[in-house]
Amino acid sequence: MSNTKPENTRKTDYKINSIFVNRWSPRSMTGEEISDDDLMSLFEAARWSPSSFNNQPWRFIYSKRTGSEWSKFLDLLNEGNRIWAKEAGVLVVIISRKNFEYNEKPSITHQFDAGAAWKNLALEASIRGIVAHGMQ
Ligand SMILES: Cc1cc2nc3c(=O)[nH]c(=O)nc-3n(C[C@H](O)[C@H](O)[C@H](O)COP(=O)(O)O)c2cc1C
């Protein structure tokens with residue numbers, strides 16, 4: 001139904017592209033598997049994110065719900081998140097490398113860069129009709 005789209009209920013102060021308004025964080029998951037093609041496209045979108053010195057410090061560690069490590073990933077979550085996240089198709093842990101790869105000196109932007117990459121991933125997911133819900 002078209003009126004379930006966030007853009008029909010979210011009112012922006014200024015005109016922006018609907019991709020930003022339509023990205024949101026539902027907790028209702030279908031429990032469907034995610035295909036490798038879809039998942040790799042999400043990581044590919046993240047890959048094209050800008051980063052300091054083009055260092056690309058983000059790293060994604062994942063388990064699909066059918067994977068052998070699934071219960072380990074679920075155990076990382078607090079109870080409040082586990083309740084709904086157990087129905088996700090994939091759980092992804094995002095970490096970032098603290099030092100630049102080219103000289104091993106500390107990067108002060110590694111977390112910022114990883115956050116930008118997550119946003120690319122989340123937007124690509126939303127555009128594909130896939131729920132991406134961030135969790136601390
Ligand atoms: C880094 C980060 C951590 C978050 N942690 C949680 C969380 O632990 N549990 C949860 O239900 N939502 C979490 N969220 C989702 C936010 O609550 C949500 O993005 C925010 O309320 C705005 O809503 P929207 O994404 O639907 O626009 C997190 C989002 C981000 C970006």
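Author: In sorting residues, Ala, Val, Leu, Ile, Met, Phe, Trp, Tyr, Cys and Pro count as nonpolar, Asp, Glu, Lys and Arg as charged, and the others, Gly among them, as polar. The structure above is a predicted model, in which local features need pLDDT of at least 70 and side-chain atom pairs count only at pLDDT 80 or more, while totals for chains, interfaces and linings use all residues. Residues are numbered from 1 along each chain as its sequence is written, and side-chain values use heavy atoms, with hydrogens and water left out.

Reader: How many residues of the shell around the ligand are nonpolar, polar and charged?

Author: The shell divides into three nonpolar, five polar and three charged residues. A residue is near a molecule if one of its heavy atoms lies within 4 Å of it. Those surrounding the ligand here are Arg 10, Arg 23, Trp 24, Ser 25, Arg 27, Asn 81, Trp 84, His 133, Gly 134, Met 135 and Gln 136.

Reader: Which residues have the most contacts inside the largest nonpolar core?

Author: In soluble globular proteins, nonpolar side chains tend to be buried together. A nonpolar core is a set of buried Ala, Val, Leu, Ile, Met, Phe, Trp, Tyr and Cys residues joined through side-chain atoms within 4.5 Å. The largest one here has 13 residues, and Ile 34, Leu 39, Leu 42, Leu 121 and Ala 132 have the most contacts inside it. Both α2 (36–47) and α5 (110–127) supply at least two of its residues, and α5 gives the largest share, five.

Reader: Where does Trp 70 lie, and is Trp 70 buried or exposed?

Author: Buried means under 20% relative accessible area, exposed over 50%, partly exposed in between (1.4 Å probe, protein chains only). Trp 70 counts as buried because its relative accessibility is 10%. Its place is helix α3, residues 70–75; helices (H or I, at least four residues) are DSSP runs, numbered from the N terminus. Contact means heavy atoms within 4.5 Å. Leaving out residues up to four places away in sequence, Trp 70 touches Ser 63, Lys 64, Arg 65, Ala 85, Lys 86, Ala 88, Val 90 and Leu 91.
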